[in-house]
Structure formats: structure tokens, C-alpha cells
Amino acid sequence: MRLALLFVLCCSLGQGIAQYTLFVLLEEFSNGAGFLADATRCNSRFWFTPNSKCNLQLQLCVEPLSGTTSLDLNVCNQPQLNGSYVDLGNVTSSQNSIVFNGDGYTYGGWSNPYIIPVASGTFQGFRVKVKAYSFDFPRNTLGLIDQYVYTFSDGSQVAGSSAYSHDRPPAPQSTL
């Protein structure tokens, strides 16, 4: 699986308290040939069904490292989310990847770019938590594609673009 995103940090100093805003723009998510985390194909009733595609559903959490953070995938310490992930909903239908539309486009609760104002502190980077699923319409079930936590930036970067690939044995391909 591949997740590519662009981030921009805007800072302002006022009365001795540093304030910054983090802009996170999703660029792409790919599940390669369409495998679930358990190495079965998305939406496939039989192992020999070729070219079975996924109905991608994504949930994301972006945590600035200057606040309380956790590596626990069940916890989202992002104050504007009240402990919840941003649910992008169903972003594809019978597709194993998505190239996200740019500025101002909305996916469920995610507006691209996703803007996180941070009232005080110094920029130390941010962590992204991803949960990716495929919804099997005929069976009315949700299958896990991948879930992971990744720190995309450190405090020395004020802007950049990053791609992350996550290995997920026993599935034959990583996600990006």
C-alpha cells in the first residue's frame, strides 16, 4: 500500500508563543493488485477469481508531535477530532488505488488539504495513522487491507512531500 501526501507548515510568532498550522494534502493511496491483509483478494468469493478490485474505505488520524501522541491505532490524539479518526468513507468503487483530487476537494470528513491549527508549542513533526478497508457489497462485509502508524516529518522540515510503503505479510504486496 502506498500513501503519498504533501505537507506544509505555516508558522507565526506572537507575544512569545509560537503558533503554527499544518496543511496535509493527500495525493495517492494504492493497494497494488487488491489484496486484503490476510492475503485474500478483495471482493472475491473464490480464490481463482481474477482481477478482483477493492472498494476502498479509509480512516485517518494526523497527530502533531508537539501534543500528546500514541502509537496505539485505537487512539487518535488530535484535539479537533475528540479522539476519533477522520472517516473518508468509500473513496473508490472496484479500484485498487485512488489519486486524490487537490485543493478544496472533500472525501467524507476529510477536506483536501486537511488543516490542523496548533495553538502553541514548537513544530516537532507529525504522525499519521491509517486504517484501510475494502467493503464487499455482495457479502455486506468490511475487510481489513492495512493499518499502520508512521511519522512523516521531523521538526527540521517546514514543507515537503512524502510517500510511505507498508509491508503486510502474508499479503503478497505492500500498500503505498
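Which residue forms a disulfide with C42, and how far apart are their sulfur atoms? I found C54, with the two sulfurs 2.0 Å apart. For my own record, a disulfide here is a pair of cysteine sulfur atoms within 2.5 Å.

Before going on, a note on ground rules: this is a predicted model, where local features need pLDDT of at least 70, side-chain atom pairs count only at pLDDT 80 or more, and totals for chains, interfaces and linings use all residues. Residues are numbered from 1 along each chain as its sequence is written, and side-chain values use heavy atoms, with hydrogens and water left out.

**Disulfides.** I count two of them in the structure. The torsion about the S-S bond of C42 and C54 is about 70°, so I logged that disulfide as right-handed. Both C42 and C54 are buried (buried means under 20% relative accessible area, exposed over 50%, partly exposed in between, with a 1.4 Å probe and protein chains only).

Next I checked C61 and C76, which form a disulfide with sulfur atoms 2.0 Å apart. C61 sits in strand β3 and C76 in the loop between β3 and β4 (86–90), so this link ties together parts 15 residues apart in sequence. Strands (E, at least two residues) and helices (H or I, at least four) are DSSP runs, numbered from the N terminus. The C61–C76 link is right-handed too, with 90° about the S-S bond. I read 0% relative accessible area for C61, which is buried, and 2% for C76, also buried. In sequence order, the bonded cysteines pair 1-2, 3-4.

**Salt bridge.** K129 pairs with E63, the closest N and O atoms being 3.2 Å apart. K129 is in strand β9 (residues 126–136) and E63 in strand β3, 66 residues apart. Both K129 and E63 are buried.

**Rings.** My search turned up three aromatic pairs. Rings of Phe, Tyr and Trp (its six-membered ring) pair if their centres lie within 6.5 Å; planes under 30 degrees apart are stacked, over 60 edge-to-face, the rest tilted. Y105 and Y107 have ring centres 5.0 Å apart and planes at 55°, so I wrote down tilted. Y105 is partly exposed at 40%, whereas Y107 is buried at 8%. W110 and Y114 have centres 4.5 Å apart and planes at 15°, so that pair is stacked. Ring pairs also link F100, Y105 and Y107 into a cluster.

Technical notes. Salt bridge = Lys/Arg side-chain N within 4 Å of Asp/Glu carboxyl O.
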